[in-house]
Amino acid sequence: MPAGAAERRRRTDNMTKLFIAGLIALAPLSQVMTAQVTVIKNATIMTESSKGTIKGSIVVRDGKIAEVGENVMVPAGATVIDAAGQWVTPGIIDCHSHIAGDGNINEGSVSVSSMVNIKDIINPEDIAIYRALAGGITTANILHGSANSIGGQTIVLKMRWGKDADGMIFEGAKPGIKFALGENPKRAGNPQGGRGAPAVNARYPATRMGVEDTIREAFNEAVQYKAEWDAYERAVAGGQHPIPPRKDLKLEALKEVLEGKRFVHAHCYRSDEILMLIRVADDYGFKIRTFQHVLEGYKVAKEIAAHGAGASTFSDWWGYKMEAIDAIPYNAAIMTKKGVVVSLNSDDAELMRRLNTEAAKAMKYGGISREDALAMVTINPAKQLGVENRVGSIEAGKDADIVIFDKDPLSPVAKVQRVMIDGNKYFDRDNEVSGRPMKEAEKQKLIEQEKQDQQNAQKKGAPTRRPQQ
Amino acid sequence: MKTTLFFTLAAATFAGANDTFLIRNADVYPVIGAKMENVSVLVQDGKIADIGGKIVPPKGIKIVEGKGLRVYPGMIDSATELGLSEVSGERVTVDTGELGEFMPQLRALIAVNPESEHLPVTRVNGITSAMTFPASGGRGGRGGGSPQMISGQAALIHLAGWTWEDMEINRSAALHIIFPSLGGGGRGGLAADFPDELAALFGAGTPQTFTERKRQYDQQIQKLNDFFDSARQYQKERTSNAPGFKRDLKMEAMQPVLERKVPVAVTAQRERSIRDAMAFAEKQHIRIILLQTRELAKVAADLKAKNIPVILGRTEALPENEDAPYDQAESLPGEIYKSGVKFAFATFNNEFVRNLPYNAARAVAFGLPYDEALKAVTINAAEIWGVSDKIGSVEKGKWADLMVTNGDPLETPTQIKHLYIKGQEIDLTNKQTRLYEKYLNRP
């Protein structure tokens with residue numbers, strides 16, 4: 001691939017991005033400088049707190065929600081947003097996403113890849129972040145892929161478009177690790193051509209039995225590793241000077257799981273494998289924080305609830321693979337009724353932009369109430385990620401992560417008008433639409449420039465450039 | 001046990017003389033006109049016999065109380081793989097995408113599995129009929145082989161019936177052509193298809209120069225023309241019963257198309273492909289319907305002038321390019337409506353056909369008038385596929401393909417209370433509702 005073409009393309013992409021980033025990033029800056037208090041008034045507010053849904057106002061001060069109520073005092077000098085006829089919800093939270101993961105999010109060459117971390121490959125310029133914002137997403141759990149039984153470490157981001165990778169990390173949110181059960185981690189053990197064919201690169205495991213064993217083997221090691229370190233630390237505390245055990249980056253992450261310092265987010269489909277992982281966790285003394293996808297969670301909701309795990313599922317995906325054949329859109333409703341904290345996730349850059357409409361499906365399938373349905377994409381995922389003291393509802397003291405919809409957010413005819421994170425405006429549909437002619441002109445200019453560059457190069461007798469792959 | 005259950009359900013679904021009844025005191029949304037409040041709908045022998053406030057029900061007729069409910073025509077999805085694909089990730093369960101470049105003789109209808117789980121799951125959301133394509137996603141030859149240009153005959157089916165013959169509305173509703181495209185070497189895939197202006201600059205997608213790909217593209221269009229030309233030559237020989245004439249199944253399948261009895265559904269997404277498809281249709285004197293079109297802004301006026309309808313893909317879709325507006329797919333239907341081109345919605349899918357109404361609703365959020373969204377999943381589709389005398393609205397004389405709801409069918413929480421296909425009441429349970437009941441009640 002000729003470097004020249006790639007470089008030019010990248011330059012064009014980056015200019016577009018900078019341009020978009022500029023449009024967005026300027027807004028919060030100017031707001032912060034002129035006024036640190038914003039009041040959203042006359043709105044229908046779905047607080048997702050004990051206050052329920054109210055007609056009223058929200059006072060935002062220094063990035064936090066200062067007050068919510070039917071009648072609030074508007075402080076002098078506050079920026080006032082009149083949201084008459086509009087609806088306000090907490091920032092939407094996606095408990096399962098892979099956006100902003102630069103390149104491949106699957107370190108699938110080994111059965112246990114707990115040493116790798118998604119945090120290291122965050123691309124803050126991924127346009128999917130802006131699109132998610134435009135759909136009301138303010139927080140997302142960015143996961144490693146599902147190619148192996150124990151995958152890489154995960155990170156929670158806020159969609160602070162325009163900031164660098166570090167600036168997007170949800171400070172204080174506990175990191176996690178991805179586990180995966182069922183068809184996906186088995187795939188590498190069943191290479192094309194069948195098992196009779198020369199198993200060139202077959203990777204253990206090839207069955208659900210092997211998936212269990214892979215996880216048990218890893219924790220068997222991790223428990224011993226932890227014991228070595230515990231003994232060492234006890235000795236140090238006792239005033240001795242022992243030689244420290246050898247550091248193992250793969251086992252470090254699992255040691256953190258055993259210590260409750262790292263959440264396990266487990267990709268799963270069938271009830272048998274869900275139950276299997278609960279029993280493995282029981283045996284080794286750790287907790288599953290969330291079951292992800294968990295399409296047959298409804299069959300073992302009792303066991304999931306007893307374990308204390310959350311469930312983060314699709315609203316109505318089914319039938320696209322064998323292990324999704326018994327998936328039902330009532331999954332979220334049954335698990336909720338059986339006492340599981342349920343969220344609805346996207347796992348997809350497109351679906352991520354309309355999780356509010358996915359929540360509405362919990363009303364259709366299983367008769368969940370409006371507030372409880374919206375909770376599945378706000379306060380429930382916040383609980384699952386351990387950040388419910390910061391986000392997920394509109395309550396005094398929480399981060400001002402707020403979405404304004406033009407209509408009822410549980411209707412598919414509603415769209416997002418504004419999105420605020422930490423009290424700063426990150427998306428404004430009016431600005432976005434009015435800025436389009438300028439962006440289009442900029443694009444045309446870049447295309448013209450590129451044509452000129454090519455023609456000039458050809459005049460100078462440069463060889464015709466091979467296009468990039 | 002299983003057999004007993006099957007027959008019980010089946011009997012409930014298709015029992016003999018159940019296609020005569022009266023829905024009373026309901027609000028009727030005929031789609032083709034204003035809503036009628038508190039009226040009755042008389043269905044006789046599967047057809048709508050009367051709609052009005054003062055219908056005297058024939059003696060002994062079954063009465064369905066419609067108080068507080070609404071009656072709409074059943075929805076139509078204009079492109080799916082229903083019946084032909086069961087578990088999309090498992091090739092053995094998928095019957096779309098045959099091998100071979102020119103396969104006009106293939107018929108989707110005969111591969112429709114009437115017992116597919118997708119049918120009951122889809123119809124309980126109010127979708128009563130669908131176009132089912134031999135390669136709806138525009139990608140032929142999934143398992144390898146050369147890309148298809150003619151994938152076969154798409155069928156319009158009802159989503160209930162004992163056999164595919166029962167389900168048939170039109171076995172040959174369209175011939176499906178996947179028009180060549182510059183980005184994807186004849187395949188209509190989205191990802192491989194770049195806007196011409198960028199393709200020309202960067203040659204994105206394939207490791208060839210733009211000139212090389214343009215040459216291939218032109219060659220493919222030529223091949224398509226050659227195939228039609230030979231079908232026309234065959235027509236002459238057939239008519240004159242020329243000496244040595246041999247019956248050829250591919251050529252036979254082309255005859256209704258040449259006679260303009262069967263339209264051609266052409267997958268073409270980019271402006272260049274759309275223009276070239278229109279030129280192709282002109283040259284071959286065929287009727288076309290465009291599928292999954294995306295770059296329509298500059299060709300809309302021509303489409304309107306030539307009366308060519310389009311089947312739009314999902315509004316629940318990402319923009320095509322990084323720098324395209326975030327709401328590109330959502331805004332498209334509103335723009336098409338303003339241009340006056342006739343259109344209908346389709347999901348181009350199996351698992352998500354049940355979300356057809358929500359795709360239409362999303363277009364409403366971004367500028368399409370509500371009534372037009374509803375038309376695009378009912379009467380527009382019926383008109384485009386040539387069956388508006390039978391389905392697509394609540395009108396006297398049409399089949400009673402009806403959904404009776406407790407609210408607006410484009411709103412997610414709305415529940416379907418009764419569903420009728422040709423006047424037969426459809427059982428609203430399916431595998432998913434049965435699993436729901438079973439596990440909700442797990443001790």
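Axes are lines fitted to C-alpha atoms, for helices over the stretch in contact, and the angles between their N-to-C directions run from 0 to 180 degrees. This is a predicted model, in which local features need pLDDT of at least 70 and side-chain atom pairs count only at pLDDT 80 or more, while totals for chains, interfaces and linings use all residues. Residues are numbered from 1 along each chain as its sequence is written, and chains are lettered from A and ligands numbered from 1 in the order in which they are written.

Chain A has 14 helices and 16 strands. Helices (H or I, at least four residues) and strands (E, at least two) are DSSP runs, numbered from the N terminus. Of the 469 residues in chain A, 51% are buried. A residue is buried if 20 or more other C-beta atoms lie within 10 Å of its own, exposed if 12 or fewer, and partly exposed in between, with C-beta atoms placed from the backbone.

Two helices of chain A show how packing is described. α5(A) and α6(A) pack with their axes 9 Å apart and at an angle of about 80°. The two helices are therefore roughly perpendicular to each other; angles of 65 to 115 degrees count as such, those under 35 as roughly parallel, those over 145 as roughly antiparallel and the rest as oblique. On the side of α6(A), the contact is made by L251(A), L254(A), K255(A) and L258(A). Two residues are in contact if their C-beta atoms, placed from the backbone, lie within 7 Å. The residues of this contact of α5(A) with α6(A) divide into 9 nonpolar, no polar and 3 charged. Here Ala, Val, Leu, Ile, Met, Phe, Trp, Tyr, Cys and Pro count as nonpolar, Asp, Glu, Lys and Arg as charged, and the others, Gly among them, as polar.

Helix α6 of chain A spans residues 249-258, and its buried residues include L251(A), L254(A) and K255(A). Besides α5 (208-237), the cover over the buried residues of α6(A) includes β8 (150-158), β9 (176-180) and β10 (263-268) of chain A. After α6(A) comes G260(A), with a positive phi near 75°.

Some backbone details of chain A also stand out. The peptide bond from Y204(A) to P205(A) is cis, with omega near 0°, and P205(A) has its place in the loop between α4 (183-187) and α5 of chain A. N42(A) is not a glycine, yet has a positive phi of about 65°. N42(A) lies in strand β1 (residues 37-46) of chain A and is partly exposed, with 14 other C-beta atoms within 10 Å.

Next come the two chains together. In their contact, 44 residues of chain A meet 35 residues of chain B. α10(A) gives the largest share of the side of chain A that touches chain B, 5 residues.

Chain B is divided into domain 1 (1-73 + 393-443) and domain 2 (75-391); these bounds come from an automatic or database domain assignment. Between them, 22 residues from domain 1 of chain B and 24 residues from domain 2 of chain B take part in the contact.

In the largest nonpolar core, which has 252 residues, L133(A) and L290(B) touch the most other members. A nonpolar core is a set of buried Ala, Val, Leu, Ile, Met, Phe, Trp, Tyr and Cys residues joined through C-beta atoms within 7 Å. Both domains of chain B give residues to this core, so the core lies between them.
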